[in-house]
Amino acid sequence: MGASRSSGTTDALGGDEGAGGPPQEGAGGAPEESPGGVGEPLCPESPPDSGAELLAALLDGMDAALCAFDAGGVVTHWNREAERILGWSAQEAVGRTGFAGWAVRRADAHEVQGRLMAAMDTPGRQVHEFALLRKDGSRVLVRTQSARVLGADGKPAGVYCAFSEVHAQIDLERAIALSEALLEDASWGVVLVDVDLRPTVVNAYASRALGGGRTTLLGRPLGELVVRGVEELEAALQHVLAGGAPGAPAELWVTLRTAEGERRRCWRSGFLRLASPLAEEPVPLGVGWLFRDVTATKLAQQEADRLRFRTSQLHRAARTASECEDPMEAVTSLLDFALAGFADHVLLDVTEGECLVRTAATPTDAPGPCLLVAGGSVPVRYGAGHPALQAVERTGSVRTSAGAGDTPGAAAAWAAERRWPEDAAHALSTVLRSRGRTLGVLTFLRAANRTAFERPDTAYAETVAARVAGAVDLARAVGTGE
């Protein structure tokens, strides 16, 4: 061991074994040579010892309280943290024999001293918990780690004891346990990102979510893992590095590159700015990014919102159509309500003999309401295999889209070949049926900036088609006097 921070104490274990109180001024509180022969005495009359001063400074800079005893149980070292916890200065502590009567109640002193000094006879560290006394008379529960100190001859020469308040130790252990649990298999993804925005630690949940191993993901740019949405993610990380964590979790939609293809996911993310606890001023070490995959929940919420909106639109359409005197006016009202948020264009073709005749449509060059075709009905020239003809043949619905990799010119040609507006990239055709008869076909079209029609869209389109078919059937019945 080395010197304590106060002058008048030794730089080695082995004080005056007969001393029962603090050392007298100038006496040094210890013989000139310690039992272990580990060092020379440090006293006011001796020349400065740079090694002893360095050791004293190191001991005083420790975060843990530290004291040491020689083989006779005399206190030889007492650092500043021990003084902070118990209130006894080094001048008051060094030279005393044991803790009896000042740092421990006399009733407990024998047991405490015996357990501490027992470390001389046992290799390794011994961990105990004691109730010690502060200088003001209050008690504090501490956790100690004690181990023997060997002299130059290899024999036990004393004991050193590091201790801290139990609540502080428990807080530290909890913090360590929490970090280990988070970085192992927590139910949230945890990624530690350095100041260059590269992952440095990834837990098991995060590695599964990102589609890689816990080690293969380290040090790689986020852009290699995230196809779309990486700009928003990196912007959030940069913001946290510069200004601190946001007040609430953020929901980020990203598209991942995986072995099975691209996957779109929604991550509810929280961010923590990591700063070094050892620096005088906060120095950013990176960002702690915690996230959870909420894709299924968000999709379910979106589907529920979509269903509520469509149900509301159908209700409003039915009420509006019921006030229309002309059944075909009711048809266009129904289609106007159905288009909102669902498609960009709609085409209504009804059967006349063996032909399909364009009866109503939205403008082809700009958004607008669905209107009846002026100047009489015109047969449409659909080629063989056209989706509208397939819907009539199948008495059902047909979905189709332009090629995903097509250029804008190729997509426009695809639409023109099918007699659709040039911005059409996705189509859904469904048959009109009423009283067991096919009355025509209804086609909804979406532009390329929207997603393709899916199965829930088909169900909605068929509901709209059933109402339109009823109005078209009524218009024919009224026109023919049925």
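**Salt bridges and their setting**

Reply: Glu165 counts as buried at a relative accessibility of 12%, where buried means under 20% relative accessible area, exposed means over 50%, and partly exposed lies in between (1.4 Å probe, protein chains only). The model is predicted: local features need pLDDT of at least 70, side-chain atom pairs count only at pLDDT 80 or more, and totals for chains, interfaces and linings use all residues. Residues are numbered from 1 along each chain as its sequence is written, and side-chain values use heavy atoms, with hydrogens and water left out.

The side chain of Glu165 forms a salt bridge with that of Arg84, at 3.6 Å from N to O. Because Glu165 belongs to strand β5 (residues 156-165) and Arg84 to helix α2 (residues 80-86), the pair ties together parts that are 81 residues apart in sequence. A salt bridge here is a side-chain nitrogen of Lys or Arg within 4 Å of a carboxyl oxygen of Asp or Glu. Helices (H or I, at least four residues) and strands (E, at least two) are DSSP runs, numbered from the N terminus. Whereas Glu165 is buried, Arg84 is exposed, its relative accessible area being 52%. Both residues belong to a network of salt bridges that also links Glu81 and Arg134. Over the whole structure, the search finds 22 salt bridges.

The loop that holds Ser89 runs between α2 and α3 (90-93). Ser89 counts as buried, at 14% relative accessibility. Apart from neighbours within four places in sequence, Ser89 is in contact (heavy atoms within 4.5 Å) with Trp78 and Glu83.

A second pair is Arg143 and Glu129, whose closest N and O atoms are 2.7 Å apart. Arg143 is buried at 17% relative accessibility, while Glu129 is partly exposed at 37%.

Arg308 and Asp305 form a salt bridge with the closest N and O atoms 2.2 Å apart. The two are separated by about one helical turn, because they are three residues apart in helix α8. Arg308 is exposed, at 54% relative accessible area, and Asp305 is partly exposed, at 42%.

Now the surroundings of that helix. The buried residues of α8 include Thr295, Lys298, Arg310 and Gln313. The 28 residues of α8 should span 40 Å at 1.5 Å a residue, and the end C-alpha atoms are 40 Å apart, which agrees; the expected span is 1.5 Å times one less than the number of residues.

An open sheet of six strands runs in the order β7-β6-β11-β10-β9-β8, with antiparallel pairing; two strands pair if DSSP finds at least two bridges between them. Its edge strands, β7 (199-202) and β8 (226-228), each pair on one side only. From one strand to the next the twist averages 40°. Helix α8 (residues 295-322) packs on this sheet, touching β9 (250-258), β10 (261-275) and β11, and its direction makes about 115° with that of β9. Axes are lines fitted to C-alpha atoms, for helices over the stretch in contact, and angles run from 0 to 180 degrees between N-to-C directions.
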